[in-house]
Amino acid sequence: MKFCTVKQYFDDENNNNVTNGIATTVIPLPNKHLKIKANNKEMEQYEQELLRNVMPQELTKLILAANYLNFKEALDFFCRTVANAIQNKSVDYVRKFFGLESDFEPGEEEKLCKEFAWSFEGVDED
Amino acid sequence: MSQTREAPILRRRKNDLPHDIVLNILTRLPAKSVIRFRCVCKTWDSSITTPYFISTHLNNLAHDHDNGDGDGYIIHMPWESNASNRAVCTVAFDRTFDRISEIEVLFDFPSRPIQIVGSCNGLLCISGTCGLDISDYVIYLWNPSIRKFKRLPDSCFGKLGLVTLGFAYHSEKNDYKVLRISSYPMVTPPMPDKIEVYTLSSDSWRRVGMSLRANAMEFNYCSLLPFPLVSGALHWISRVVEGEEERKSEVIMSFDVNSEEFRMLRIPDGAMSTMGFQTRLASFKGKLAFLTCGQSEQSGGDQYSIWVMREYGVLESWNKLFVVPIERFSVCIAFTMCGSLLTYCHETNDREQKFVLVDTETLHEKDFDIQQPSSVATFMESLALLDGANMVSY
């Protein structure tokens, strides 16, 4: 990890609000990674513990922090966690989560949904 | 001064994720979720259907698999149909064959048996006879994870003889190929094999020549197992006639998927005397494996001997890794990547048939609960062919 970027990050005013969360979550990751690198089960459990109390929306902030710090392992880990969190969610939920709106022509979206109707089975209710 | 209005979709909130990070997340989703999220917006739909997305998704899957201590998956499909004439595939764990899920095969194969020719990157190649004429073959490429399939065009030859098929991923070109060898063993004067290759990118068959030392391929061993793809080549066993003395011997044929060249490899020393209908080739942990059945010198009972070629192409590196004692009248149905051996025992006394799964490393056996002989192949979830042309969705 690049220590100069970390310092820059903390100094940067815009990031003051998220500093605390990042400090406790992102920074300890590389050491933990090295310690239990060999054992994936342990890492999975550690990851689950770490993020048990973190809302999916907050994960977005962690991702941006890891991206800014150029910390690839943390970025991949957080992305994996978000993927697990959203994998069974509805299209509407995902749109809200990422701040997106549908830009399909009228009828286009319906056509797609119909073609992939099978992929909508068993989706979590919003 | 007029105020320009940004389109809503471009207005970024402070915490919106850049598109490349969004893709990082999407490529870690299971196939079903990825397909559903095509409906989120146009950008996502077009990003998801690019070859780059599809291969990144596949690489993430492979990477997760390597990191985990879990083994891969297999898929098995009965050769014969059940009462409703619709075959049902089962996805299971490679080592234990414990069932995970079932997938209905929604193609119409007018007659049986149907067979899994091969499996690459989650894409299956299945074939079956069509109609009464056994030389009519129908071949499908099928990705069950995204519910798309494609029927291959007819052969570029007229009548097909006895057909052997292989399916491979051409990594250099990110393409898929099907190899078809058509032989005519009962014809006089002897007729050479006709060989053709189908490439997905061209969606067509093309003749291929084989130039090898041997005078003729006498016949190809019919394999219940898919042709193993090892070191970029498909492998099968042939009996060839060589030299002026017309010496007959069994060899391993290989077809390099990239160069489309054929090669012969010698079978392991000591295996020649055991050649028979129980001889199989398979891929074991990425290496070429040779399996054959013979009699044990010690016990007098039957046993499978399994050799593995430790260094590809180096004939001295054939190493007899496993010996598995079996009951009489046992037929090998499958030998998987992690070394699980599935056998079919037909007990002649009480007419009972049973399937036994053997872990070749521990020799632990367990009865396997399937009703009939099946094709077995490796399996993984993928988006292969999501960007394919002329695919049928169901």
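I started with strands E13 and E14 of chain B: E13(B), residues 229-230, pairs with E14(B) in the antiparallel sense over two bridges. Helices and strands here are DSSP runs, numbered from the N terminus, of at least four residues (H or I) for a helix and at least two (E) for a strand. For two strands to pair, DSSP has to find at least two bridges between them.

A note on the source: this is a predicted model, where local features need pLDDT of at least 70, side-chain atom pairs count only at pLDDT 80 or more, and totals for chains, interfaces and linings use all residues. Residues are numbered from 1 along each chain as its sequence is written, and chains are lettered from A.

Which residue stands opposite Ala233(B)? I found Val230(B) there. The two strands make a hairpin with two residues between them, and Ser231(B) in the turn has a positive phi of about 50 degrees.

Next I followed E14(B) onward. Its partner E15(B), residues 247-256, runs antiparallel to it over 10 bridges, and Ile237(B) stands opposite Ile252(B). This hairpin has four residues between the strands, with Gly243(B) at a positive phi near 70 degrees.

Is E14(B) mostly covered or open? Mostly covered: I see nine of its 10 residues buried (buried is under 20% relative accessible area, exposed over 50%, partly exposed in between, with a 1.4 Å probe and protein chains only).

Last, I looked at helix H7(A), residues 91-98. Its buried residues are Val91(A), Val94(A), Arg95(A), Phe97(A) and Phe98(A). They sit on the same side of H7(A) because they cover an arc of only 165 degrees around the axis, taken from the directions from the helix axis to the C-beta atoms. Just after H7(A), I noted Gly99(A) with a positive phi of about 70 degrees.

Definitions and conventions: Side-chain values use heavy atoms; hydrogens and water are left out.
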